[in-house]
Amino acid sequence: MGKRLILVACFLLAACSVPAATGPETPTSSSAPSVTPSVAPTALSPEDAMLATIAAGVTPTATPNSVQPTAIPTITLGPIPEAKPLAAGWWDNAVCYEIFVRSFADSNDDGIGDLNGLTAKLDYINDGDPQTSNDLGANCIWLMPVTEADSYHGYDTTDYYHVEKDYGTNEDFKALVKAADQRGIKIIIDLVLNHVSSRHPWFIDALTGPNATYRDWFIFSETNPGYMGPWGEVVWHVAPRVQEYYYGIFTAGMPDLNYRNPQVTAEAEKISTFWLNDMGVAGFRLDAVKHMVEAGREQENTRETYAWLRQYAAFLHSVKPDVFTVGEIFGGSPGVLDGYYPDQLDTYFEFAIGEGILDAAKSGMGTDFLRPATSAYRNLPFQRYAPFLTNHDLERTMSTLGGNLGRARVAAIALLTMPGLPFVYYGEEIGMLGEKPDERLRSPMQWSDTPGAGFTTGTPWEGVQSDIQSANVASQDADPASLLNLYRKLIQLHTSTPALATGTFTALDSQSKAAAYLRRAGDHAVLVIINMGTNAIEDAAFTAALTDLTTGTYKLETLLGDQSGAKLTVGVNGAIDAYTPLPSLAPQTGYIFRLISE
């Protein structure tokens with residue numbers, strides 16, 4: 001690669017045209033002001049010069065080069081096999097609970113959540129006893145980044161092999177994994193492989209010159225290639241001291257790694273092996289995976305990204321056959337997820353389902369969320385996708401729903417009865433508020449309405465939300481009608497009811513605004529009905545020309561709700577004709593019935 005490391009031109013596909021996407025701390029077009037860089041040599045050390053330049057938000061202003069750089073690809077595009085289901089495993093009936101360690105529980109009163117604090121709160125998530133009902137019942141935890149990083153959120157790694165010092169030590173992490181395992185909880189961690197911090201020793205070394213050890217671990221160009229990123233952001237940043245550029249799709253402080261270099265892939269595999277074998281995690285949430293391998297202006301969802309993920313996933317399974325991976329593919333046109341199947345990561349977040357649920361909860365038109373749910377079920381193979389309502393990058397559910405508890409309740413019922421592996425963001429189960437900026441989406445967990453929210457006896461790193469008097473665990477714990485206890489009931493139903501965990505999905509037709517659908521796994525069948533509106537619906541009738549129910553009569557056993565449903569008669573091909581399960585569907589209410597063949 002000589003004196004410069006350069007990108008491959010768009011010889012594979014035309015540049016993707018997709019809506020703006022977000023990633024870890026995604027910049028807006030206004031977040032990186034245009035500053036004329038100073039490129040004259042300086043007496044500062046390379047590290048100090050680099051840090052000063054990047055901290056100033058310097059962006060390239062040189063005249064773009066009209067000729068795009070080219071290089072020979074180093075990633076082989078192999079044949080695509082047939083889609084197949086995942087092997088049986090703990091993920092079959094899982095509900096995952098997303099946690100930001102910094103905000104969950106503080107054990108040493110410094111105002112920052114830590115691993116020991118989380119360990120002490122595991123019984124809240126799952127106490128390991130299926131006979132109890134005062135825990136959430138989640139059997140999987142996704143931890144946002146826990147490695148050493150340059151910022152509070154952790155998405156700019158400085159050391160992949162050590163836990164963030166604010167959170168504790170590697171031994172504290174191992175103790176957490178052991179305690180979680182005793183309760184039947186699997187832990188997956190956020191693994192950020194697309195980029196590192198500009199303060200990472202690899203990048204500091206790379207800036208020392210073309211012969212640096214880690215030079216080819218990053219993407220450099222002597223001239224500005226002249227194109228912007230997928231959402232109009234600057235991606236070519238001026239390197240300190242000399243007139244050259246490096247590639248970072250998110251910010252200047254997050255230079256992308258070069259996965260055309262086999263050494264970088266080998267290091268990613270080494271890091272992954274360390275966390276699987278030495279630290280005991282069950283798998284990974286892979287951040288920003290659609291940007292792993294760029295091809296010039298084509299900066300997301302490239303075929304070489306697919307090829308890289310394919311071989312990386314195969315490697316993970318060779319190290320730990322029951323490893324579990326979930327990928328983030330945010331934004332893009334309908335069908336963007338299709339290219340990531342069948343043999344790359346195990347599953348991917350499905351954003352459209354959650355968006356549909358929240359829209360339906362706001363409008364009261366329950367049938368609206370059935371469209372994205374049906375589309376995902378039909379088009380993404382073997383339910384290998386993960387729906388959620390919101391996460392650490394998005395406005396919290398209760399804020400999106402205008403603080404309306406009834407809307408939050410029906411949204412929770414929809415999420416936890418849908419196909420796929422559901423994820424729940426910490427605090428959603430008590431209805432915590434949260435709006436941008438990002439720190440306010442990740443504020444401390446509200447355990448009580450005390451000054452430190454039960455999170456700390458010190459000063460919280462970030463202030464609590466204005467709803468703390470009602471949205472806290474202590475006030476909702478003993479109230480059977482609380483949102484917290486609804487989440488407990490729904491999660492425990494999902495993990496213990498095969499039809500809800502892995503069953504087929506058939507949406508029923510109706511002239512009313514109510515949503516109804518069947519889930520079935522073997523002899524286990526469930527009917528879900530949700531009225532998301534603010535008015536009762538009288539005599540709602542549901543119809544289906546074809547279901548996978550056996551012809552016959554079924555009585556309904558109530559799993560959720562306070563009413564008994566009428567018997568269901570199923571005709572030839574599983575047909576259901578104008579079935580009225582209840583004379584009235586209460587407003588903002590959901591019902592779950594087990595179908596028992598007579």
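Arg-594 pairs up with Glu-557 in a salt bridge, with 3.3 Å between the closest N and O atoms. Arg-594 sits in strand 23 (residues 589–597) and Glu-557 in strand 19 (residues 552–560), so this contact ties together parts that are 37 residues apart in sequence. Both ends are partly exposed: Arg-594 has a relative accessible area of 25%, and Glu-557 comes in at 33%. The model is a predicted one, and it holds 23 salt bridges.

Other pairs are tucked away from the surface. Glu-428 and Arg-396 meet through their side chains in a salt bridge (2.9 Å, N to O). Glu-428 belongs to the loop between strand 13 (423–425) and helix 12 (438–441), and Arg-396 to the loop between strand 12 (385–387) and helix 10 (397–400), so the pair links parts that are 32 residues apart in sequence. Glu-428 is buried at 6% relative accessible area, and Arg-396 is buried at 0%. Asp-438 and Arg-442 also form a salt bridge, their closest N and O atoms being 3.6 Å apart. Here, too, Asp-438 is buried, at 12%, as is Arg-442, at 0%. Elsewhere, Asp-190, Arg-285, Asp-287 and Glu-328 join up in a network of salt bridges.

Then there is the largest pocket, with about 430 Å³ of space. It is lined by 20 residues, and the closest to its centre are Ser-333, Pro-334, Gly-335, Glu-350 and Ala-352. Strand 11 (347–350), helix 8 (351–363) and helix 9 (370–379) each give two or more residues to the lining, with helix 9 supplying the largest share, four residues. By type, the lining splits into 11 nonpolar, six polar and three charged residues.

Conventions:
Residues are numbered from 1 along each chain as its sequence is written. This is a predicted model: local features need pLDDT of at least 70, side-chain atom pairs count only at pLDDT 80 or more; totals for chains, interfaces and linings use all residues. Side-chain values use heavy atoms; hydrogens and water are left out. On a 1 Å grid over the protein atoms alone, a cavity is a set of points where a 1.4 Å probe fits but cannot get out, and a pocket is an open set with protein on both sides within 12 Å along at least five of seven lines; lining residues have an atom within 4 Å of a point. Grid points are joined across faces, edges and corners, and a volume is the space filled by probe spheres set on the points. Ala, Val, Leu, Ile, Met, Phe, Trp, Tyr, Cys and Pro count as nonpolar, Asp, Glu, Lys and Arg as charged, and the others, Gly among them, as polar. A salt bridge is a side-chain nitrogen of Lys or Arg within 4 Å of a carboxyl oxygen of Asp or Glu. Buried means under 20% relative accessible area, exposed over 50%, partly exposed in between (1.4 Å probe, protein chains only).
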